[in-house]
Amino acid sequence: MWRASILTIFPEMFPGPLALSLAGKALSSGVWSLDTHDIRDAASDRHRTVDDTPAGGGPGMVMKADVLARAIDAVPPDARPRLLMSPRGAPLTQSRVARLAAGQGAVIVCGRFEGVDERLIAARQLEEVSLGDFVLSGGEPAAIALLDACVRLLPGVMGKEASIAEESFADGLLEYPQYTRPPLWEGQPIPEVLLSGDHAKVKAWRQAEAERLTHERRPDLWAAYQARKKP
Ligand code: SAH
């Protein structure tokens, strides 16, 4: 079973949306499991303090290394990677998601306030993972997004294995445009080739559209795709 352990000061945020739809079905059928650990349980004072003022001054609060370390150490160590959701981390990609999904699960630390004491990150070998170049108020929504992306790749979670192979980023390209009935909607037809029944033509059109969209919207992905295609 793929196992997710979450360290958070808001355990009630989980499973949240992961209790619904594909991820929720997979959770109740035992494809994956989720356990949450309240970081405040590792605090040592009456007020269950997890944060303190930043050394050097400045706004906000910083999550304490000693409290977080105790919380992490209470999760029995195993082969799972330990992730820290963080805007400074390597941006999450579909290939990282696929590697995580192929493993045994993940231990995920959710930051709050201004972040966590830097010393903890190396001391507990946390791998910083970012959802993108924007700032959330906490790591929980990022952890939920990461888990959603991983769980849908677990065997048996999605109906058709094939749809995984064809979607955005699977081959380094954005996905081609999709259409469904009716064939004419608000004066806009579905591209004729898709109704032709000619599978080779459909495939070629989809490939060309995927390349066009990636070229137009994501020069970074396009450059990497071009570089890979070179002999
Ligand atoms: N002061 C920090 C931001 C802290 S935001 C900075 O400027 O880098 C509080 C917490 O939200 C972070 O510790 C992290 O766990 C989470 N978080 C915020 N943005 C995120 C992002 N883009 N990806 C993943 N986690 C994020």
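## Model and conventions

The model is predicted: local features need pLDDT of at least 70, side-chain atom pairs count only at pLDDT 80 or more, and totals for chains, interfaces and linings use all residues. Residues are numbered from 1 along each chain as its sequence is written, and side-chain values use heavy atoms, with hydrogens and water left out.

## Overall fold

The chain holds 8 helices and 9 strands. Helices (H or I, at least four residues) and strands (E, at least two) are DSSP runs, numbered from the N terminus. Along the principal axes, the C-alpha atoms fill a box of roughly 70 × 40 × 40 Å.

Of the 231 residues, 39% count as buried. Buried means under 20% relative accessible area, exposed means over 50%, and partly exposed lies in between (1.4 Å probe, protein chains only). The chain exposes about 13,500 Å², and carbon and sulfur atoms supply 56% of it. Areas come from the Shrake-Rupley method with a 1.4 Å probe; for residues, only the protein chains shown count as cover. Among contacts between residues at least 6 apart in sequence, 73% join residues at least 24 apart. A contact means heavy atoms within 4.5 Å.

## Ligand site

The ligand takes up the space of the largest pocket. Pockets are found on a 1 Å grid over the protein atoms alone: a pocket is an open set of points with protein on both sides within 12 Å along at least five of seven lines. A molecule sits in a pocket if more than half of its atoms lie within 2 Å of its grid points. Around the ligand are 19 residues, of which Met 85, Glu 114, Leu 131, Phe 134 and Leu 136 come nearest. Here a residue is near if one of its heavy atoms lies within 4 Å. Strand 5 (82-91), strand 7 (127-130) and helix 5 (139-151) each supply at least two residues of this shell. Strand 5 gives the largest share, 3 residues.

A backbone N or O atom of Gly 132 is 3.0 Å from a ligand nitrogen atom. For Gly 139, a backbone N or O atom lies 3.5 Å from a ligand oxygen atom. Taken alone the ligand exposes 570 Å², and the protein buries 84% of that.

## Buried residues

Leu 126 lies in the loop between helix 4 (118-123) and strand 7. Its relative accessible area is 9%, so Leu 126 is buried. Beyond residues up to four places away in sequence, Leu 126 touches Ile 72, Arg 82, Leu 84, Val 109, Leu 120 and Ile 121.

Two glutamates also count as buried. Glu 167 sits in the loop between helix 6 (161-166) and strand 8 (184-185). Glu 167 counts as buried because its relative accessibility is 15%. Its side chain makes a polar contact of 2.8 Å with the side chain of Arg 152. Such a contact is a pair of N or O atoms within 3.5 Å; within protein, one must be able to donate a hydrogen and the other to accept it, and residues adjacent in sequence count only if both atoms are side-chain atoms. Glu 209 lies in helix 7 (residues 199-217). At 15% relative accessibility, Glu 209 is buried.

Phe 14 lies in the loop between strand 1 (2-8) and helix 1 (21-28). With a relative accessible area of 9%, Phe 14 is buried. Phe 14 and Ile 144 are 130 residues apart along the chain, yet their C-alpha atoms are separated by 8.0 Å. The residues Phe 14 touches, not counting those up to four places away in sequence, include Ile 6, Leu 34, Cys 110 and Ile 144.

A cis peptide bond joins Phe 14 and Pro 15, with omega about -5 degrees. Another joins Arg 181 and Pro 182, with omega about 5 degrees. Pro 182 is in the loop between helix 6 and strand 8.

## Positive phi

Most residues other than glycine have a negative phi, and most peptide bonds are trans. Phe 113 has a positive phi near 60 degrees. Phe 113 is in the loop between strand 6 (105-110) and helix 4, and at 37% relative accessibility counts as partly exposed. Gln 125 has a positive phi near 45 degrees. Gln 125 is in the loop between helix 4 and strand 7, and is exposed, with a relative accessible area of 62%.

How values were computed:
On a 1 Å grid over the protein atoms alone, a cavity is a set of points where a 1.4 Å probe fits but cannot get out, and a pocket is an open set with protein on both sides within 12 Å along at least five of seven lines; lining residues have an atom within 4 Å of a point.
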